Amino acid sequence: MNTDVLIIGAGPAGLQAAIHAAKRKADTVVIGKEMGSALFEAKIENYFGLAGVTKGADLLATGQEQAESAGAKVIRQNATSARQEDGSFAVVLESGTEIRARAVILATGITRKKLNIPGEAEFLGRGVSYCATCDCSFHRDVPVVIAGDESEAAVSAELMTKYASTVYWASDSRDVDDALMEKTVAAGVRILDTTIAEIVGTEKVTAVRMADGTEIEAKGVFIELGGKSSADLAMDLGILPEIDDTLKVSPDCATEIEGVFACGDVTGKPWQLAKAVGQGAVAGLSAAEYAKSGR
Ligand SMILES: Cc1cc2nc3c(=O)[nH]c(=O)nc-3n(C[C@H](O)[C@H](O)[C@H](O)COP(=O)(O)OP(=O)(O)OC[C@H]3O[C@@H](n4cnc5c(N)ncnc54)[C@H](O)[C@@H]3O)c2cc1C
């Protein structure tokens with residue numbers, strides 16, 4: 001199969017890129033699975049124009065329909081490898097099918113690092129969150145615990161003092177500069193020098209059991225360990241990811257390899273829907289222009 005623009009990733013960045021590329025009359029194919037998107041489990045309340053709380057899975061379903069009605073083809077498969085060939089790109093799917101494209105957009109998102117403890121998966125979205133910026137306002141006037149040993153956890157803990165009744169920051173080590181540590185403590189964050197061993201609850205989280213044997217009442221657990229991008233395909237295409245595994249892009253979402261663009265969480269923070277969609281639009285327009293220019 002040949003196409004002008006091939007988008008790897010069917011999250012909000014990839015689907016928005018598909019809408020814009022297809023509306024520019026570029027032949028557009030998107031590969032990826034909606035369940036693989038960070039948005040699939042999210043509840044959104046901070047996106048422009050959406051009042052109240054909207055299910056991320058509903059946004060993905062609508063976004064996919066929009067991409068298809070704009071003319072894009074959506075294939076629910078993962079890409080297993082990619083390569084440059086004769087001024088274009090070849091991407092192999094898990095079925096073995098190969099797609100050739102003039103331009104490629106990487107919209108593969110990130111995988112958030114996990115604690116891998118009992119209760120973590122069970123209570124995801126029911127008290128367990130990987131994003132304080134996203135879910136802070138769902139935890140007003142209740143006790144919460146933050147896990148993580150780097151600045152991300154400190155910043156999240158400080159933010160949560162503006163919402164929660166009590167904020168505990170649990171970690172057996174901390175790699176945070178002195179100024180940030182002082183700011184975090186001054187905000188009222190309670191430091192626990194132990195890690196979370198188990199998240200417990202019934203319908204929702206009610207407490208956490210710590211590695212030192214203590215138990216703390218908590219209605220929210222924020223796991224702020226950072227994330228890892230899916231950079232393997234980028235490396236297949238000759239792109240060297242940044243030290244934190246993200247992909248550097250120019251303002252038009254171009255990577256260092258001509259004809260390869262990137263958008264969304266894979267390009268770095270903030271890991272937010274609004275940024276993913278904004279960059280998706282830019283990448284879609286840039287890739288369509290590149291593919292149609294015959295460079
Ligand atoms: C629990 C949770 C709550 C959140 N709440 C909010 C919120 O309230 N507000 C907010 O703004 N943001 C929120 N976010 C963040 C938001 O969901 C992300 O910023 C957004 O989804 C990023 O979009 P993306 O398209 O870059 O990546 P993703 O949505 O992660 O999509 C990546 C896509 O790439 C695909 N993919 C990966 N590798 C391959 C491959 N090899 N081949 C093919 N496809 C591949 C995946 O399957 C997926 O389809 C939340 C995230 C989580 C996890």
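The dialogue below sets values against their definitions.

Modeller: This is a predicted model, in which local features need pLDDT of at least 70 and side-chain atom pairs count only at pLDDT 80 or more, while totals for chains, interfaces and linings use all residues. Residues are numbered from 1 along each chain as its sequence is written.

Colleague: Why is Lys25 called exposed?

Modeller: A residue is buried if 20 or more other C-beta atoms, placed from the backbone, lie within 10 Å of its own C-beta, exposed if 12 or fewer, and partly exposed in between. Lys25 has 12 other C-beta atoms within 10 Å, and therefore it is exposed. Lys25 lies in the loop between H1 and S2. Its phi is positive, about 65°, although Lys25 is not a glycine.

Colleague: What makes Asp86 count as exposed?

Modeller: Asp86 has 7 C-beta neighbours inside 10 Å, so it counts as exposed. This residue sits in the loop between strand S6 (79-85) and strand S7 (88-93). Asp86 is not a glycine, yet its phi is positive, near 50°.

Colleague: Why is Gly188 called partly exposed?

Modeller: The count for Gly188 is 13 other C-beta atoms within 10 Å, so the residue is partly exposed. Gly188 belongs to the loop between helix H5 (178-186) and S13. Leaving aside residues up to four places away in sequence, Gly188 touches Thr161 and Val167; a contact requires C-beta atoms, placed from the backbone, within 7 Å.

Colleague: What makes strand S1 largely enclosed?

Modeller: In strand S1 (residues 2-8), 6 of the 7 residues are buried, so the strand is largely enclosed by the rest of the structure. Helices (H or I, at least four residues) and strands (E, at least two) are DSSP runs, numbered from the N terminus.

Colleague: How do you know that S1 pairs with S8 and with S2?

Modeller: Two strands pair if DSSP finds at least two bridges between them. S1 is joined to strand S8 (residues 98-106) by 6 bridges, in parallel, and to strand S2 (residues 28-31) by 4 bridges, also in parallel; both pairings therefore meet the definition. Ile8 stands opposite Leu106 in S8, and Ile7 has Val30 in S2 as its bridge partner. From S1 the chain crosses through H1 to S2 in a right-handed β-α-β crossover; that name applies if, with the strands pointing away from the viewer, the path from the first strand over the helix to the second runs clockwise.

Colleague: How do you know that S12 pairs with S13?

Modeller: Strand S12 (residues 166-170) is joined to S13 by 3 bridges, and the two run parallel; since at least two are required, they pair. Trp169 stands opposite Ile191 in S13.

Colleague: What is the angle at which H1 and H7 pack?

Modeller: Helix H1 (residues 12-23) and helix H7 (residues 273-293) pack at about 35°, with their axes 7 Å apart. Axes are lines fitted to C-alpha atoms, for helices over the stretch in contact, and angles run from 0 to 180 degrees between N-to-C directions. The residues of this contact divide into 14 nonpolar, 6 polar and no charged. Here Ala, Val, Leu, Ile, Met, Phe, Trp, Tyr, Cys and Pro count as nonpolar, Asp, Glu, Lys and Arg as charged, and the others, Gly among them, as polar.

Colleague: Where is the cis peptide bond with omega of about 0°?

Modeller: That bond joins Lys269 and Pro270, and Pro270 lies in the loop between strand S19 (260-262) and H7.

Definitions and conventions: Two residues are in contact if their C-beta atoms, placed from the backbone, lie within 7 Å.
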